[in-house]
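Please look at the structure below and work through the questions that follow.

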Amino acid sequence: MRIGRVLRTSAVVAAASLALAACGDDGGNGGEAGGEEGGVAEKSCEGGGDASVTIGTKFDQPGLGQKTPEGMDGFDIAVACYIAKQIHGDDVNVEWKEAPSAERENLLERGDVDMVVATYTINDERKQKIDFAGPYLLAHQDLLVRADYEEIKSEEDLKDASLKLCSVTGSTSAQNVKDDFAPNADLVEYGGYSECMTGLQNEAVDAVTTDNSILAGFASAEQYKDKFKLMNFNLSDEPYGVGIKKGETELRDQINAAIEKMVADGDWQKFFDTHLGPSGFKADTPTITEK
Amino acid sequence: MTVETSTAAMIKASEVNKFFGDLHVLKDINFEVPRGQVVVVLGPSGSGKSTLCRAINRLEPVNSGVIHVDGKELPKEGKALAALRADVGMVFQSFNLFAHKTIVDNVMLAPLKVRKQKKPEARESAMQLLERVGIADQSEKYPAQLSGGQQQRAAIARALAMRPKVMMFDEPTSALDPEMVQEVLDVMTNLAKEGMTMFVVTHEMGFARRAAHRVMFMADGEIVEDTTPDDFFTNPKSDRAKDFLSKILTH
Amino acid sequence: MVDDLAFLFDKYNVVAAFWVTVQLAVLSAIGSLIWGTALAAMRVSPVPIMRGFAAVYINAVRNTPLTVILVGSSLGLWQTLGVTLAGERATEVNFRLAILGLVAYTSCFVCESLRSGINTVHVGQAEAARALGLNFGQVLGRIVLPQAFRSVIGPLASVLIALTKNTTIAAAISVAEAAALMKTMVENEAHLLFLVTVIFAFGFVFLTLPTGLILGWVSKKVAVKR
Ligand SMILES: Nc1ncnc2c1ncn2[C@@H]1O[C@H](COP(=O)(O)OP(=O)(O)OP(=O)(O)O)[C@@H](O)[C@H]1O
Ligand SMILES: [Mg+2]
């Protein structure tokens, strides 16, 4: 038990440090070619046709957008792939580019990517610089707790000052905790969610908080199965949209049509169940707002 | 000339051997220095004079043999060794004044930290000693601001401040410009007159003749001759001593 | 531009965040000087165990990325072993652990600077002190280290500047210093990314430039004449 803990902790320490080191590299070359770190960018949904499209996504978000040795994997990837095929045909070549949160607008404005599908919450500040299509998923900020944890029952319980919450440094979720629903809580902010997850396992924190989609992605991972549960609170609305260059209304309409088709023919539900379902996460099918 | 030892000798070395790697630097050294005696050690470069001098307060540990100071065997390390060193004054060729402290602070440091004297008391005796070696007016300066001769006199005052039982000098005038040699020798001569036990490595033949009771001549790590200055200079017995003297005196 | 600046300073407490950075840097600097000096003393001590310990410690810690040390102390010491350093709130605990980690890391560099300083002190200085009956601690503390320190104020200033910049890594373990606020601002004001970067770059220059200048001046003042 003790040894297990120590090993687990060491693994996360090593991983977290490597992740930070990788961020450093991105900074070095202006984040320009995050995807080219391992040589050529990853090519899942590679049709071999003439049409090619570059999509920015997360490379490190389990269940949503993750780069694995077998290729790209996650709900965002599946959605992006579906949209690309709808627009450019089944044999489209998708080139994946890493889109860290702070880089997403820049990637679009510079034309480095054609679209961004990367847990990208639609909001007005962002719309000053870019346009959105979608949303393709309506996420909410939520809490992930240990499966046997009973201290928190309702959102009211979050006012308790002894509550230890964990989130990522500077993230919108962390700010919501401080400014909004749990200003008194003891908030721990780490560089990544992996550190929060070990904290949750080690009982150093009571709950991890961020978008339920992200939490579901972690909780759906093999090693965490059945250990955690989502509280299913609705602490904020996070409609995930597809980011595109400002003024590309034709592309926006095409993407919206693709999303509607994906929902209508059941593929959306299939993707959702595969990548995010195992954690018991439920979400309604999305309604297009960005027209 | 012989000075009889009523009590234990001030310095006594028995069967002392010292190696630097394969180099046998001190070979079966045996001698005694009685209280109040001034011994001058002569010998060609590399003969082991400095090593012997440094062995006496264990700045250089020996490989075999025993050294006694004031009847006590040299302790190995720690408090006892520090206490012994406090009683043995040492003056170096390169002065070694503490570069970051003023002259008077150099002199006061060990009385304050080792003898635990009170500050006013330590300062007063420091100033007296500086007066005695003729540099009281330099007391607030830093070592680098003094001439070589002044620095060496300050170093002697620093050693004397501990009221040592014996003073060791390792070529105290070799690093000095010629015009400064005499002022240092004068201080040493006065010290000898006052009855201090002194062990002096030097090439100053004048000092040896004037102030020494005894000359030890070293060559190749051995004490080759051990006699009075008169006898040594007028009637050297060994070839090596004759050779050494002929080189020195033709200068 | 000016409007944007006013907006950012109005919405975010940049000064408070830098104040945390200053606290981290100052407390860690004090700790590193003390522990780094102790390590240097061990490295030159006559006791083989101490020399060995210091050598192993320095080579292990100096070659470990600071991120690993900080994340490791938060995840390992706090989460796994329950070390809290008498802090009650998690934020407090992590602040103290950050200082612990920064001290553990920076002291290696303080030690190595000092050791190079010790090497510039003439051996005759220590010999003269030993010959007067000073013990090892006194020789080191009164004679060798004061001279060594004076000769390495320049390199120590570099260590201090590096330390100030290294405090940004504490953001990874929940310390609300400048880099943490920068992350927040980047998250919210991605359209002002350039301005935000400039603010923080300038903030660090503002902290570190005087350190270098003042210590450079001090170094000249106290230099030992030989
Ligand atoms: N630390 C050391 N390591 C190795 N060899 C040494 C060391 N110190 C001295 N020696 C060697 O030991 C021998 C004796 O040296 P020592 O300094 O005692 O001679 P000396 O008689 O004082 O000579 P000088 O008149 O040149 O000062 C020399 O051959 C010298 O090279
Ligand atoms: Mg010599």
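Rings, charges and a surface patch

Q: In this predicted model, which helix of chain C holds both Phe53(C) and Tyr57(C)?
A: Phe53(C) and Tyr57(C) are four residues apart, about one turn of the helix. Both lie in helix α3 (residues 48-62) of chain C.

Q: How many aromatic pairs does the structure hold, and is the pair of Phe53(C) and Tyr57(C) stacked, edge-to-face or tilted?
A: Over all chains there are 20 aromatic pairs. In the pair of Phe53(C) and Tyr57(C), the ring centres are 6.0 Å apart and the planes stand at 35°. Planes under 30 degrees apart count as stacked and over 60 as edge-to-face, so the pair of Phe53(C) and Tyr57(C) is tilted.

Q: Is Tyr57(C) buried or exposed?
A: Phe53(C) has a relative accessible area of 41% and is partly exposed. Tyr57(C) has a relative accessible area of 16%. Buried means under 20%, so Tyr57(C) is buried.

Q: What is the accessible area of the nonpolar patch formed by Val26(C), Leu27(C), Ile30(C) and Ile34(C) together?
A: Val26(C) is found in helix α2 (residues 14-43) of chain C. Its relative accessible area is 45%, and Val26(C) is partly exposed. With Leu27(C), Ile30(C) and Ile34(C), Val26(C) forms a patch on the surface whose accessible area together is about 370 Å².

Q: Which residue lies over the face of Phe98(B)?
A: Over the face of Phe233(B) lies Arg209(B), at 4.5 Å from the ring centre. For Phe98(B), the distance to the ring centre is 4.5 Å, and the residue is Arg158(B).

Q: Which residues form one network with Arg115(B) and Asp87(B) through salt bridges that share partners?
A: The side chains of Arg115(B) and Asp87(B) meet in a salt bridge of 3.1 Å, N to O. Arg115(B) sits in the loop between α3 (103-113) and α4 (119-132) of chain B, and Asp87(B) in helix α2 (residues 78-87) of chain B, 28 residues apart. Salt bridges that share partners join Arg115(B) and Asp87(B) into one network with Arg35(B), Asp70(B) and Lys165(B).

Technical notes: Residues numbered from 1 in each chain as written. Chains lettered and ligands numbered in written order. Predicted model: local features only at pLDDT ≥ 70, side-chain atom pairs only at ≥ 80, totals over all residues. Heavy atoms only, no water. Patch = residues over 30% accessible without salt bridge, like charges linked within 9 Å, V, L, I, M, F, W, Y side chains within 5 Å. Areas by Shrake-Rupley, 256 points an atom, 1.4 Å probe, with all protein chains shown as cover. Salt bridge = Lys/Arg side-chain N within 4 Å of Asp/Glu carboxyl O. Helix = DSSP H or I, 4+ residues; strand = E, 2+ residues; numbered from the N terminus. Buried < 20%, exposed > 50% of the residue type's maximum accessible area, 1.4 Å probe, protein only. Phe/Tyr/Trp six-rings, centres within 6.5 Å; stacked < 30°, edge-to-face > 60°. Lys NZ or Arg CZ within 6 Å of the ring centre and 35° of its normal.
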